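This briefing covers one protein chain, grouped by topic. Please keep the sequence and the model open while reading.

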Amino acid sequence: MQGLVYIFIALATLGVAAAAYFGLTFSPIEAFVTAIAFGALAVMLMERRLRQRSEARLERAVEDLARLLSTDARAGQVLSQRVNAIADTNVGSRLDGIEADISVLGTVTRQLAEALAEFEEARRTDGGSRLAEAMAEPAEPDDDIFLDPMIPEAEVRAALDSNRLVFHIEPVVRLPARKPLGYDLVPRLMQDAGGLADAPDFMPRRGGEDLIRRIEAMALEEAVTIARRAKTSGQPITLFLPLSRATILDKKGLEQVTATLVANQAITASLNFAIRQTEWKPLGPTEKRALYEFRKAGAGFVLTDATSLRFDFAELEGLGFSDVRFDATRFLSQPQSFTDFHTADIAPYAKRFEIELCGTGVIDEQQLLSLFEDGISLVQGPHIGRPGPVRPDLVAERPRDAERRIEAQA
């Protein structure tokens, strides 16, 4: 390559000589001297450029060599330190310690073998009953822990027709300030003999899906009214209203709820649907996708009456669940039936997925302190506040014809 460059310089020199002789009318001597000067200048510039490249290449090689020598020096230093450490090691004492550990391990192994032999003998003696008791894991409680309602469906329908269903609110507070986070919208039935019947006393457990859809539609209408009036008064409120498979599995009821949420976009962020764990477990992918339409409309979800905390928190987060509720008394007395985590670790784990745990049915101050020590800051129950009427200015009157219209839509 370098020879080719010199050939080009020679040709350029001849060209300069010819140009000087024929073009500038130089004499042959002058043209020759001009060509020689041009060639010498070109060769000098070429050599200077080649020398600069060689010097740069040499500098890089020297730097690489210096780095290699530095690395070798560090490696030699580390090797020297390790050799010195090995030389200073007292092998005799180490061997004595290892022999003592092996002796102890042999004793423990012998004791374990004797214990296993006794255990096998006991198992053969009593037919394996002791082994079953020793190896049995704590059974997860039955999901269906609620009793059948005491009030028959016919009486409930008559009460709805006579406009004797009312909705009260029960607070959910955050510890330690006990500031209300939101309110459960609790349906209660006014009885002929006086008094109020709670939802477990009249809500159908087996069958009566149309009745459940009607009550949940009324709850949604009540929640929208309360949320709108609370926002207008400058005191927004968060409401948790019931939702069951009776509405989720009914296409018409599902469309009605979706239409209501879309028509009230201004307050849907204040509405959260409370789904019991027994209603959530049987749902398939299709039903869960339908619930995601509520999420897109701005509403949220909470999982209530959880009998176990062994489920996919990531899935709940993706569907818009904000908290999971469980019975505080049973959680504190039998934590192993809820989770394999330590009680102080399950709440931080759930918060990784932006889900909070809520203890319900709190009956005394000691339960509050125990839950707060375990990192559970949401609580609800008789010790916090019982269900009570909504402020009169936030409740809309529902005449009989409106009740019948809701029933017809359901």
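Two strands pair if DSSP finds at least two bridges between them. The model is predicted. In it, the secondary structure of the protein consists of 16 helices and 10 strands. The chain has 410 residues, and 35% of these are buried. Of the contacts between residues at least 6 apart in sequence, 68% join residues at least 24 apart.

**Strand E8 and its partners**

- Strand E7 (residues 321–327) and E8 are joined by 5 bridges, and the two strands run parallel.
- Within this pairing, the residue opposite Gly-359 of E8 is Phe-326.
- E8 is also joined to strand E9 (residues 378–379), through 2 bridges and again in parallel.
- Gly-359 has Val-379 as its bridge partner in E9.
- Between E8 and E9 the chain passes through helix H15 (residues 365–373), and this β-α-β crossover is right-handed.

**Packing of helices H7 and H9**

- Two packed helices are described by the angle between their axes and the distance between the axes.
- For helix H7 (residues 209–232) and helix H9 (residues 251–263), the axes come within 11 Å and cross at roughly 5°.
- Angles under 35 degrees count as roughly parallel, and H7 is therefore roughly parallel to H9.
- On the H7 side the contact is made by Ala-217, Leu-220, Val-224 and Arg-228, which meet Gln-256, Val-257, Thr-260 and Ala-263 of H9.
- Sorted by class, this contact of H7 with H9 has 5 nonpolar, 2 polar and 1 charged residues.

- Leu-271 lies in strand E5, which covers residues 271–276.
- Is Leu-271 buried or exposed? Leu-271 counts as buried because its relative accessibility is 0%.
- Not counting residues up to four places away in sequence, Leu-271 touches Leu-220, Ala-223, Val-224, Ala-227, Leu-239, Leu-241, Leu-261, Ala-299 and Gly-300.
- Among these, Leu-220 and Val-224 also take part in the contact of H7 with H9.
- Leu-261, another residue touched by Leu-271, is 10 residues away from Leu-271 in sequence, with a C-alpha to C-alpha distance of 9.1 Å.

Definitions and conventions: Residues numbered from 1 in each chain as written. Predicted model: local features only at pLDDT ≥ 70, side-chain atom pairs only at ≥ 80, totals over all residues. Heavy atoms only, no water. Helix = DSSP H or I, 4+ residues; strand = E, 2+ residues; numbered from the N terminus. Right-handed = clockwise from strand over helix to strand, strands pointing away. Axes fitted to C-alpha atoms, helices over the stretch in contact; angles between N-to-C directions. Parallel < 35°, antiparallel > 145°, perpendicular 65-115°, else oblique. Contact = heavy atoms within 4.5 Å. Nonpolar A, V, L, I, M, F, W, Y, C, P; charged D, E, K, R; others polar. Buried < 20%, exposed > 50% of the residue type's maximum accessible area, 1.4 Å probe, protein only.
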